[in-house]
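Q: Please take a close look at a single part of this structure and describe how it packs against its neighbours.

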Amino acid sequence: MQGIMGALGYSIRMGWRGVKTFVKQGRVDPLPVRRALKGYTLRSAGRDLKAAVDVALVGLPQGMAFAAMAGLESIYGIMAATVGTFIAPLFTRCSLTVSGPSNATAFMLASFLLAASPAIQSAPGIYVPAIVFLAGLLCVIGAFIKATEMLQFVSRSVLVGYITGAATLIIASQLRYVLGIHDVQAGSSFFSMSSAIIANLEHAQWQPMLLGALSFALFIPLRRYFRFLPTFAVILLLMSLLNWLLSQPFAGGAFAGVRMLRDFTMSDLVCTPPALAEATTHLSEILPIALGVAFLSTLEQTVMSKTISAKTGEPLNLNQDTFAVGMANMGSAFTTSLPCSASLTRSILNYNAGAATRFSGIYCGLLCLGITFVLANVPLISRIPHSVLAALVLANAVSLFDRKLLRICIRSTPGDAAVLVATFVAALLLPLHLAIFAGVVFSVSLFLRKAAKPELIEYTLDDAGTLLQVSDTARRLPQISIVHVEGDLFFGAADLFRKQVSRIAEDASLAVIVLRMRNARNLDATSVCALEELIRFTREQGRHLIISGASREVYRILRKSGVLEVLQEGTRRGESNIFLVEPKNPNMSTRKALLRAQQLLGSTEADISIYTTRSV
């Protein structure tokens, strides 16, 4: 009993030590902005302030559009563009990225709210801040445990399928507002929304349709030929002015009944802690969406940090950037805010506008705050037609269809095409926070299926020493087989590897198997157990197994797991069944293994066959 408790205590201590080492390797700085003040000049401040003005003129209208996309009031997007933009630069490593509301997270939140229970739909002021806070907390935890390393398993096909499906869903959700069909229960899926629009076409109004069509028509040329202008702000201003003119008695007043956005007041700007206690009543419902938002925010932040760092030459620390987006979300949750992540449009604009330091984002947040105070006291938002903002959201969604990426993903491999289509369909049928995980799971399963199917090819040496592949019809039975083990011996490949080598061991004349593991990687518990079973199986068949070219990592795993003792059973002093790789002479370990095999056979002459792995 004491031995068991001692072993358990040792395992816990070693596990805790490993966790602490793992966390320390994340290298998260609690407040990197403190070092940015050193050497900060008036010239840099001028460049940062100019860039902040440009970004603010884009960020606030975009925030309003993203709030409409999520089915929420404008204040949600405005506060995300204010608070999130201000907080993130305090903690980020990539200094010129701009955080705030984004397409992807707004898509995801919209999909969740459409399918949520009535209690959540009726009280977004309680549950949305709780979701944003939990998403931020998950990002902060992920930064310390280096969760960004898991993003390598998200293929481009998943992202393209998700964005294409989400854009299609948003078009269906916003089209009814462009048509002037407001008070309709449209459901939460693409098909229910489309059915609701078709069933209520007779209620469509030509006034909002005209404003929406003009907004959509202006969006394309302004985005393409006048990139220096804040497209959203210009269109909102022009269409609001046009609607006001056409609502006047001298113009017939035909547009007087067009539905407008709702103003907000100073009472909406009060900072209060997120109502987590109340939100726990629906924790099982909001926790998955919080996880989805955290995942997507981290992914967007990572992609944007890599893009900007490639332009500025700043060293990357993706864990630090994940920490920053987590803090931005946790801070935004104390206001009425959408989720925050790095914005492609505003980050690139910030860089192109000549921003010098992270203070451009801080200035932008302060500038947006000043504009927000103005909007809270002057009724300007209620001058904006709802159909105009919906048309801008629709146009922005259409711009997300990337024909080049779609063509690449569909034509590259059948697997990529299948992943794209599966994720796209999932986005139309499932809430988006589930659809992206469904796409990731499908993508990873295809990868594991491919990686877990090695094929052993037999080779032999002719009289001249040339390596030749042995055909099935002209195969000779060797006494010593050399099996080249290459690639990842993870859990998915372990069982197949064991079966294939066991099949080799069934040759009647075979006496010794040499596993050449120089290029074997990523052994885990499953593959180690499979190796132990293989050692015992070959012994039961009256054969021997030797390992050559093992790395020190492989040797360490075998020793700590106890499999090395099994491998060395029956050896005498000075004998060994495992030979480590020698970097200066990689083939020396195999030569030593062959000498050991000949020693076991008691002969210096033996037929030798060589096997290697080839991925299917």
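A: What follows is about helix 14 and the two helices packed against it.

This is a predicted model, in which local features need pLDDT of at least 70 and side-chain atom pairs count only at pLDDT 80 or more, while totals for chains, interfaces and linings use all residues. Residues are numbered from 1 along each chain as its sequence is written, and side-chain values use heavy atoms, with hydrogens and water left out.

Helices here are DSSP runs of H or I with at least four residues, numbered from the N terminus. Helix 14 covers residues 318-332. Two packed helices are described by the angle between their axes and the distance between the axes. The axes are lines fitted to C-alpha atoms over the stretch in contact, and angles run from 0 to 180 degrees between N-to-C directions.

The partner taken up here to begin with is helix 7, residues 124-144. Its axis and that of helix 14 are 7 Å apart, at an angle of about 160°. Helix 7 and helix 14 are therefore roughly antiparallel (angles under 35 degrees count as roughly parallel, over 145 as roughly antiparallel, 65 to 115 as roughly perpendicular and the rest as oblique). The crossing of helix 7 and helix 14 is left-handed, meaning that the near helix is turned anticlockwise from the far one by less than a right angle; clockwise would be right-handed.

In this contact (heavy atoms within 4.5 Å), helix 7 contributes Val-132, Phe-133, Gly-136, Leu-137, Cys-139, Val-140, Ala-143 and Phe-144. Helix 14 contributes Asn-319, Thr-322, Phe-323, Val-325, Gly-326, Met-327, Asn-329 and Met-330. By class, the contact of helix 7 with helix 14 has 11 nonpolar, 5 polar and no charged residues. Ala, Val, Leu, Ile, Met, Phe, Trp, Tyr, Cys and Pro count as nonpolar, Asp, Glu, Lys and Arg as charged, and the others, Gly among them, as polar.

The other partner is helix 4, residues 74-87. The axes of helix 4 and helix 14 come within 8 Å and cross at roughly 140°, which makes helix 4 oblique to helix 14. This crossing is right-handed. Val-83, Gly-84 and Ile-87 of helix 4 meet Met-327, Ala-328, Gly-331 and Ser-332 of helix 14. The classes in the contact of helix 4 with helix 14 are 4 nonpolar, 3 polar and no charged residues. Met-327 of helix 14 is listed in the contact with helix 7 and also in the contact with helix 4.
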